[in-house]
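Let's take a walk through a protein model together. Keep the structure open while you read, and find each part as it comes up.

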Amino acid sequence: MRKVKIITDSCSDLTPELLERYDIDYCRMCTVEDGVESPALLSWSYEDAHRLYDTIRGGKRITTAQVSVEEFTAVFTKYLEAGMDIVYIACCQKQSGSVNTGSVVARGLLEKYPDAKIFCIDSLNACIGEGIVAIEAAKLAGEGKSAEEICDHVTAIRKNVHEYATVHTLDHLKKAGRVSASSAFFGNLIGVKPILVADKEGAQVAFKKVKGRQAALREIVALLKEGISDPESTTVYLAHADCTAEEVEALRAIIEAEIAPKEIYPCLIGPIIGASVGPDTIGVWALGKPVTFTASDK
């Protein structure tokens, strides 16, 4: 049986340690500042992150570009030449068109490598939620499962990923076209902190509004707790966009007290997602029960 390589993209926000631990590669997207494109690297440092988020705090808008045809071709070809099949875990189609571009590139490459298989899967998630799906795929690849088996499994569990995050303002998401102007207005009322979720179709939704940042931190943990069925075997990922160490530690303490999971894994929200959500976003992600909420339920 052919070995399978798991590939994701810059939206997955997997740390270098997680990429190495699970033998995952990724296709680079780009950030765009003053018309200049830069690769969105998941190996960026806290200093790099602080610089980007401070640029946004200063009023400059950073835009993004999806994975290019050339990048997909180079990364996919590397593993096809090594005789491997590929499962690409992509950012949710509602937030990026990269899964479509990847599928087009895959069809072209399979003409040259007819014995290979390439599956391009919409993870229905973004940020570390997408990364969680990629990790689950990589675990199966490490067990020697086929590309078809991996595809079937991750398609079945991709919306068992729960995401709950809070932001200081919805302005960045409004500029990126992720929330409506009306949602942004009501979410930006003084003292109100919006709670963001990813619904079962992968859409980012301003789910509810809470008075005060501390109350918002407690609310996202309470929501996650409802979605987890087995805390003792669950890893909770705590991702943030250049929040203070004190706030990250405060959220960690709430998670420990309210959920007591097997592991709490802190990480940065990467440059692609960060450009949309803006600085000081903070959230929690974990595998759990199937997500049933849709934006239309709101």
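Which residue stands opposite Ile 282 in S13? His 240 does, and the sheet around this pair comes up again below.

## Before we start

This is a predicted model, so to speak of local features pLDDT has to be at least 70, and side-chain atom pairs count only at pLDDT 80 or more, while totals for chains, interfaces and linings use all residues. Residues are numbered from 1 along each chain as its sequence is written, and side-chain values use heavy atoms, with hydrogens and water left out.

## The six-strand sheet

Helices (H or I, at least four residues) and strands (E, at least two) are DSSP runs, numbered from the N terminus. Here 6 strands form an open sheet in the order S10-S9-S8-S13-S11-S12, and the pairing is mixed. Two strands pair if DSSP finds at least two bridges between them. The edges belong to strand S10 (204–211) and S12, each of which pairs on one side only. On average, neighbouring strands of this sheet are turned by 20 degrees against each other, direction ignored.

Back to our opening pair: S11 and strand S13 (residues 282–287) pair in the antiparallel sense over 4 bridges. His 240 stands opposite Ile 282 in S13.

## The four-strand sheet

There's another open sheet, with 4 strands in the order S2-S1-S6-S7 and parallel pairing. Strand S2 (24–27) and strand S7 (118–122) are at its edges with a single partner strand each, so one side of each is left without a neighbour in the sheet. From one strand to the next, the twist averages 25 degrees.

Now zoom in on the pairings. Strand S1 (residues 4–9) and strand S6 (residues 85–90) pair in the parallel sense over 4 bridges, and Val 4 has Asp 85 as its bridge partner in S6. S6 and S7 also run parallel, joined by 5 bridges; Ala 90 stands opposite Asp 122 in S7.

## Helices on the sheets

Which helix lies across S6 and S7? That's helix H4 (residues 98–112), running at about 170 degrees to S7. Axes are lines fitted to C-alpha atoms, for helices over the stretch in contact, and angles run from 0 to 180 degrees between N-to-C directions. S6, H4 and S7 make a right-handed β-α-β unit (right-handed means that, with the strands pointing away from the viewer, the path from the first strand over the helix to the second runs clockwise).

Helix H5 (residues 127–142) packs on the four-strand sheet, touching S1, S2 and S6, and its direction makes about 175 degrees with that of S1. H5 also lies across strand S8 (161–166), S11, S12 and S13, running at about 25 degrees to S13.

## Aromatic rings

A pair of aromatic rings is described by the distance of the centres and the angle of the planes. Rings of Phe, Tyr and Trp (its six-membered ring) pair if their centres lie within 6.5 Å; planes under 30 degrees apart count as stacked, over 60 as edge-to-face and the rest as tilted. By this rule the count comes to 5 aromatic pairs. One of them joins Trp 44 and Tyr 53, a tilted pair at 6.1 Å centre to centre with 55 degrees between the planes. Both Trp 44 and Tyr 53 are buried (buried means under 20% relative accessible area, exposed over 50%, partly exposed in between, with a 1.4 Å probe and protein chains only).

Tyr 237 and Tyr 265 form a tilted pair too, at 5.7 Å centre to centre and 45 degrees between the planes. This pair links distant parts of the chain, with Tyr 237 in strand S11 (residues 235–240) and Tyr 265 in strand S12 (residues 263–268), 28 residues apart. Both of these tyrosines, Tyr 237 and Tyr 265, are buried. Elsewhere, Phe 72, Phe 76 and Tyr 88 form one aromatic cluster.

## Two residues to look up

Ala 275 is found in helix H11 (residues 271–277). Is Ala 275 buried or exposed? Ala 275 counts as buried, because its relative accessibility is 11%. Ala 275 and Ile 62 are 213 residues apart in sequence, yet 5.8 Å apart in space, C-alpha to C-alpha. Leaving aside neighbours within four places in sequence, Ala 275 is in contact (heavy atoms within 4.5 Å) with Ile 56, Ile 62 and Thr 64.

Lys 145 has its place in the loop between H5 and helix H6 (147–157). Lys 145 is partly exposed, with a relative accessible area of 33%.
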